Every structure is written in C-alpha cells, then in structure tokens.
Amino acid sequence: AGRLTGKQIQVISANFKDNQGTTETFIPLSAQPEEKTGFGNEQVLLLMPTSGYVKEIIVRAHYATYTSENIVFKVYKRESDKKANSKSQVGSDITIAAPTQSTSASTNTRSTGEITHAYGAGDLLLISMTHQSTGPTSANDRTYVTIVLENDLTDLGY
C-alpha cells in the first residue's frame, strides 16, 4: 500500500536485419523488428511514464563483411510539453568500437559502460546508431542492441 518510490531498471532489446551502411538508424524501442532511418516512425519512439536515465547501451552484430570502425550512439528526446514532431539530443555523442566477430573474443559484445542521459516523465525517447566508415552492407546483416534505462518511480501519480 502507498505510493511507489525508488528506482526501476528497464531493459529493452531490439534485434533487426538491414544494410544500414553509415545512415543514422533509429533503434526500435517500442516495437519490433524494424529499425528505421527516420525519427518520426512510430516503432522508434518510446513514451516515458517517469523521469530517468539511459544508463547503458550494449551492442552485438553479425555482418557478412566486417570492418573495424566506431559506432556513434545518440540519445534524443522530445519534451512532454512539445509537439511530437521534432527531437533534441540529450548529452553528447557516445562512441564505441564496433563489435568484433571473432570465434572467441571478449570484444564480440561492446558496451558504452555507464552513461547518464536524462529524460523526463512524458518525454518521447529515441536512440540512434551510426557506423562511421562502412557499416552493415547486406540486407541480412544482423544487429542486436540492448538499452538499459533507470526509471524514477516517484514520478508516478500513485
């Protein structure tokens, strides 16, 4: 009984196939399996019930042709008091090395490590990734992304 308090960890998994190349690709946070290159697609927007933080982004891949390169992740939001037809970046770009595809290597899975890109209750949340040199070039290239959010339950009205 009583009001909810504390923090909640929310994990979102998004797996998709595409030849992203070096196009900014928005991760499907609210529906699967399609990633989208435009931020206005419904599958990429997640309406947040509380304020909180994007705490970590984890990525793994299987690409037909692999080149060593960096991936830049960006966190965007659209504030709750604004129309849902635009976005603003939260914090700075997050750059990590692309996952390797070795038979056995700890670098097959890459992570941003802890980050704290904030959003508010009622904000629309978006996250994109951009490969910096070649990126996936086959329609069958697979990308696996996990987003870890920390939500503040005190924002709930109950």
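Biologist: Which side chain meets Asp-123 in a salt bridge?

Modeller: First the rule. A salt bridge is a side-chain nitrogen of Lys or Arg within 4 Å of a carboxyl oxygen of Asp or Glu. Here the partner of Asp-123 is Lys-77, at 3.8 Å from N to O. Asp-123 sits in the loop between β8 and β9 and Lys-77 in strand β5, so the pair ties together parts 46 residues apart in sequence. Strands (E, at least two residues) and helices (H or I, at least four) are DSSP runs, numbered from the N terminus.

Biologist: What should I know about the model itself?

Modeller: It is a predicted model: local features need pLDDT of at least 70, side-chain atom pairs count only at pLDDT 80 or more, and totals for chains, interfaces and linings use all residues. Residues are numbered from 1 along each chain as its sequence is written, and side-chain values use heavy atoms, with hydrogens and water left out.

Biologist: Are Asp-123 and Lys-77 buried or exposed?

Modeller: Buried means under 20% relative accessible area, exposed over 50%, and partly exposed in between (1.4 Å probe, protein chains only). Asp-123 and Lys-77 are both buried.

Biologist: How many salt bridges does the rule give?

Modeller: The count is three. One of them joins Lys-55 and Glu-114, with the closest N and O atoms 2.8 Å apart. Lys-55 belongs to strand β4 (residues 52-62) and Glu-114 to the loop between β7 and β8, so this pair ties together parts 59 residues apart in sequence. Lys-55 is buried, at 15% relative accessible area. Glu-114 is exposed, at 64%. Asp-81 and Lys-82 also form a salt bridge, at 3.7 Å between the closest N and O atoms. Asp-81 counts as exposed, with 64% relative accessibility. Lys-82 is partly exposed, at 42%.

Biologist: Which side chain of opposite charge is nearest to Glu-150?

Modeller: For charge, Lys and Arg count as positive, Asp and Glu as negative; His and the chain ends are not counted. The nearest one to Glu-150 is Lys-55, 4.4 Å away. Glu-150 is buried yet has no salt bridge. Its place is in strand β10 (residues 142-152). Contact means heavy atoms within 4.5 Å. Leaving aside neighbours within four places in sequence, Glu-150 has contacts including Lys-7, Tyr-53, Lys-55 and Tyr-119.

Biologist: Which strands pair with β4, the strand of Lys-55?

Modeller: Two strands pair if DSSP finds at least two bridges between them. Among the partners of β4 is β10, antiparallel over ten bridges. There, His-62 has Arg-142 in β10 as its bridge partner. β4 and β8 also run antiparallel, joined by three bridges. Tyr-53 stands opposite Ala-118 in β8. With β7, strand β4 pairs in the antiparallel sense over three bridges. Ile-58 is partnered by Ser-111 in β7.

Biologist: How many bridges join β5 to β6, and how many to β9?

Modeller: Seven bridges join β5 to β6 (residues 88-97), and the two run antiparallel. Val-75 stands opposite Val-90 in β6. Eight bridges join β5 to β9 (residues 124-131), again antiparallel. Lys-74 has Ser-128 in β9 as its bridge partner.

Biologist: Why is β5 described as largely enclosed?

Modeller: Seven of the nine residues of β5 (residues 70-78) are buried, so the strand is largely enclosed by the rest of the structure.

Biologist: How many aromatic pairs are there?

Modeller: A pair of aromatic rings is described by the distance of the centres and the angle of the planes. Rings of Phe, Tyr and Trp (its six-membered ring) pair if their centres lie within 6.5 Å; planes under 30 degrees apart count as stacked, over 60 as edge-to-face and the rest as tilted. The count here is one. Phe-26 and Tyr-76 form a tilted pair, 5.7 Å centre to centre with 40 degrees between the planes. Phe-26 is in strand β2 (residues 25-26) and Tyr-76 in β5, 50 residues apart, so the pair links distant parts of the chain. Both Phe-26 and Tyr-76 are buried.

Biologist: Which residue lies over the face of Tyr-76?

Modeller: A charge sits over a ring if NZ of Lys or CZ of Arg is within 6 Å of the ring centre and within 35 degrees of the ring normal. Lys-87 lies over the face of Tyr-76, at 5.0 Å from the ring centre.
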